[in-house]
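Please read them with the structure open beside you.

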Amino acid sequence: MELPVETTGLTKRYGGLTAVDGISLTVRPGEVYGFLGPNGAGKTTTLRMLLGLVRPTSGSVRLLGRPPGAPDGLARVGALIEGPAFYPYLSGRENLRVLARYAGVPARRVPVVLEQVDLAARAGDRYATYSLGMKQRLGVAAALLKDPRLLILDEPTNGLDPAGMAEMRTLVRRLHVAGCTVLLSSHLLGEVQQVCDRVGVVSRGRLVAESTVAELRGTATLRVVAEPLDDAAARARALLGADRVRLVDGALDLSVPAERASWINAELVAAGVAVSELRARERDLEQVFFELTEGELTHAG
Ligand code: ATP
C-alpha cells in the first residue's frame, strides 16, 4: 500500500536561513500523525513543500506515491494551511457551494461535509457570524469536499478556546475512524498527545524524534516502597534480573509494565516484605519534549 507521505532529506533554505533541514518522515495509511514543534521550527514550510506550494532546496517528497504537486496525487489530498478565505456575507453552505463549483466537486458533497464537521445546523448563517472554532471547522469542511484520502491541517487549533480545541479533536478522531489519514501540525504538546497515533518532533528545522507517544515516553517503571528495603531489592533482583531493579531515594524503581504490579506485590509479601506503596511511574512526556526541543515547545493546551 502506498504511503500517504514520505519525505527524504527534505531541505529548504531561504538565503542564509535553513528553515527545514534534512527532514525524513513517514506518515502511514490510516494514522493521525502529529507534526509537533515550536513556532518557527519549520512545520508550515514542510507542509507547503508536501503540497508542491514551495519548492525544496534539496531532498524528495512523495505524496500518496506521487511527486509533490502531481494532479492525481493532489486530487486525493485535502489541506488547510493558513486559514481559508471565505466570503463573510455568504453563509457557510453558500461558501462551500462556491468552492465546490471551482473545484469541480458535485454540490451533493456540501451537506455531507457540513454534517462531518458538525455545522449543518448553522450552515445557513452568514460566515461573518461564526465563532473562530466554526470558521476553522468550515475550513476543514472545505478541505473535505473532494473526499480526500489524506488530510493535511496546519495548526488547526491555533487561536481556539478549550471548547473549540475539543471540537476540533472530536472532528479529527471522527475522520480517523472514517478511514482518512490525517497529518496535523501543532506547537501544543497536549493537543497532539490526545489525538495522534504517532508524532514527529521538529526543532529548528530538524526532525529530532519520530515515534508513538508511548515510545517517546519510554518504559514505565514501578516504584515500590517496602520494608526491609534490602530484602525487597534482593527478591526483586531474583524475580526480574539485577538490571531491572534500581534503588532510588529509599525506594525501588522496577522496570516492568504496570500490569505486573499485583504479581510483584504478592511475591514481595510472600518473601516477608511489607509493601507500603506501589505505583506506576511514567516518564513525564513534557520533560521528554522539553529536552528534544531544547525548551522551545509551548507547554499548554
Ligand atoms: P509557525 O507555527 O510559527 O508558522 P513553523 O514551524 O510553521 O512556525 P515556518 O513557518 O515553516 O515555521 O518557518 C520556519 C522558518 O522559515 C522561520 O524562521 C521563518 O521565518 C522562515 N521562513 C518561512 N517562510 C519564509 C520565506 N518565504 N522567506 C524567508 N523565510 C521564511
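This is a predicted model: local features need pLDDT of at least 70, side-chain atom pairs count only at pLDDT 80 or more; totals for chains, interfaces and linings use all residues.

1. Helix α3 itself runs over residues 92–103, which makes 12 residues. From its first C-alpha to its last it reaches 16 Å, and this is close to the 16 Å expected at 1.5 Å a residue.

2. As to the burial of α3, the residues Gly92, Asn95, Leu96, Val98 and Ala100 are buried in this helix. Their cover includes two other helices, namely α4 (109–116) and α5 (132–144).

3. On the division of the chain, domain 1 is made of two segments, 5–76 and 148–216, while domain 2 covers 219–282. The C-alpha centres of domain 1 and domain 2 are 41 Å apart.

4. Turning to the ligand, the residues around it are Tyr14, Leu17, Ala19, Pro38, Asn39, Gly40, Ala41, Gly42, Lys43, Thr44, Thr45 and Glu155. At least two residues of this shell come from each of β2 (17–23) and α1 (43–50), and α1 gives the most, with 3 residues.

5. Several backbone atoms deserve a look at this site. A backbone N or O atom of alanine 41 lies 3.0 Å from an oxygen atom of the ligand. For glycine 42, a polar backbone atom is 2.8 Å from an oxygen atom of the ligand, and a polar backbone atom of lysine 43 is likewise 2.8 Å from an oxygen atom of the ligand. On its own the ligand has 630 Å² of accessible area, of which the protein covers 58%.

6. Finally, why does threonine 45 count as buried? Its relative accessible area is 15%, and the cut-off for a buried residue is under 20%, so threonine 45 falls in that class. Threonine 45 is found in helix α1 and is also one of the residues around the ligand. Leaving aside its neighbours within four places in sequence, threonine 45 is in contact with Lys12, Tyr14, Ala19 and Val20; of these contacts, Tyr14 and Ala19 are themselves listed among the residues around the ligand.

How values were computed. Residues are numbered from 1 along each chain as its sequence is written. Side-chain values use heavy atoms; hydrogens and water are left out. Helices (H or I, at least four residues) and strands (E, at least two) are DSSP runs, numbered from the N terminus. The expected span of a helix is 1.5 Å times one less than its number of residues. Buried means under 20% relative accessible area, exposed over 50%, partly exposed in between (1.4 Å probe, protein chains only). Contact means heavy atoms within 4.5 Å. Domain bounds come from an automatic or database domain assignment. A residue is near a molecule or strand if one of its heavy atoms lies within 4 Å of it. A polar contact is a pair of N or O atoms within 3.5 Å; within protein, one must be able to donate a hydrogen and the other to accept it, and residues adjacent in sequence count only if both atoms are side-chain atoms. Accessible areas come from the Shrake-Rupley method with a 1.4 Å probe; for residues, only the protein chains shown count as cover.
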